[in-house]
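Dear colleague,

Please find below the structure that I am handing over to you. My findings follow it, and I would be grateful if you read them with the structure open beside the text.

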Amino acid sequence: MQHRYIVLAVLFFSIAQSIAWMQMNAPILWSSFNKYKWILILLGIPVTWIYMTATKHAVIGFEGNLWPSRILSFVTGIIVFTVLTWWFKGESINMKTAVCLVLSAAIFLIQVFWK
């Protein structure tokens, strides 16, 4: 396992997930974004490149295995979604969401540290 590549993958997945969160939720949260839907749609092109780069780094980091990269993407997405939803929408983390976050962290730790 090459931790440097896994760290890069988490960074790229976090950036892509953040942009995707804005693409999907900005028009709902702020009506002024409805005027700029095409800009948000066109952001899909660089976001796709970022996801591809993240996946490449994750696969290298996990020694050629695809499943850990998918799980890493999922867990990163859950964490980014939670933080951005709390930050911009003010939705608090209830017990059910907290348990899901702990389980997501456990999934991540299993993928990284279980040999």
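Gln23 touches Leu40, Ile41, Leu43, Gly44 and Val47, when residues up to four places away in sequence are not counted. Please note that this is a predicted model. Gln23 belongs to helix H1, and it counts as buried because its relative accessibility is 19%, while the cut-off for buried is under 20%. Gln23 and Ala106 are 83 residues apart along the chain, and 28 Å separates their C-alpha atoms.

The chain as a whole

The chain has 5 helices and 0 strands, and along the sequence its pattern reads α-α-α-α-α. Along the principal axes, the C-alpha trace spans about 50 × 35 × 20 Å. Of the 115 residues in the chain, 32% are buried. Taking contacts between residues at least 6 apart in sequence, 72% join residues that are at least 24 apart.

The nonpolar core

Which residues make up the largest nonpolar core? There are 12 of them: Ile6, Ala9, Phe12, Phe13, Ala16, Val47, Ile50, Ala54, Ala58, Phe62, Leu72 and Val112. Two elements give two or more residues to this core, namely helix H1 (3-29) and helix H3 (44-61). H1 provides the largest share, 5 residues. As a general point, nonpolar side chains in soluble globular proteins tend to be buried together.

Ala9 is one of the core residues. Leaving out residues up to four places away in sequence, Ala9 touches Ala54, His57, Ala58 and Leu72.

Helix H3 and the residue after it

H3 has 18 residues, and at 1.5 Å a residue it should span 26 Å; the C-alpha atoms at its ends are 25 Å apart, which agrees. The buried residues in H3 are Val47, Ile50, Thr53, Ala54, His57, Ala58, Val59 and Gly61. They pack against H1 and helix H4 (67-89).

Just after H3 comes Glu63, which takes a positive phi of about 55° although it is not a glycine. Glu63 is placed in the loop between H3 and H4. Is Glu63 buried or exposed? Glu63 is exposed, because its relative accessible area is 57% and the cut-off for exposed is over 50%.

Ser73 is located in helix H4. With a relative accessibility of 10%, Ser73 counts as buried. Apart from its neighbours within four places in sequence, Ser73 is in contact with Phe13 and Gln17. Phe13 is also listed among the residues of the largest nonpolar core.

Ser104 lies in helix H5, which covers residues 95-113. Ser104 is likewise buried, and its relative accessible area is 5%. What does Ser104 touch, not counting residues up to four places away in sequence? The residues are Phe74, Val75 and Ile78.

Aromatic rings

A pair of aromatic rings is described by the distance of the centres and the angle of the planes. The structure holds 6 aromatic pairs. In one of them, Trp86 and Trp87 are arranged edge-to-face, with 5.9 Å from centre to centre and 65° between the planes. Trp86 is partly exposed, with a relative accessibility of 46%. Trp87 has a relative accessible area of 59% and is exposed.

One aromatic cluster is formed by Trp21, Trp30, Phe33 and Phe88. A further ring to examine is that of Tyr5: the charged end of Arg4 sits over this ring, 4.8 Å from its centre.

Yours sincerely,
A colleague

Methods
Residues are numbered from 1 along each chain as its sequence is written. This is a predicted model: local features need pLDDT of at least 70, side-chain atom pairs count only at pLDDT 80 or more; totals for chains, interfaces and linings use all residues. Side-chain values use heavy atoms; hydrogens and water are left out. Rings of Phe, Tyr and Trp (its six-membered ring) pair if their centres lie within 6.5 Å; planes under 30 degrees apart count as stacked, over 60 as edge-to-face and the rest as tilted. Buried means under 20% relative accessible area, exposed over 50%, partly exposed in between (1.4 Å probe, protein chains only). A charge sits over a ring if NZ of Lys or CZ of Arg is within 6 Å of the ring centre and within 35 degrees of the ring normal. A nonpolar core is a set of buried Ala, Val, Leu, Ile, Met, Phe, Trp, Tyr and Cys residues joined through side-chain atoms within 4.5 Å. Helices (H or I, at least four residues) and strands (E, at least two) are DSSP runs, numbered from the N terminus. Contact means heavy atoms within 4.5 Å. The expected span of a helix is 1.5 Å times one less than its number of residues.
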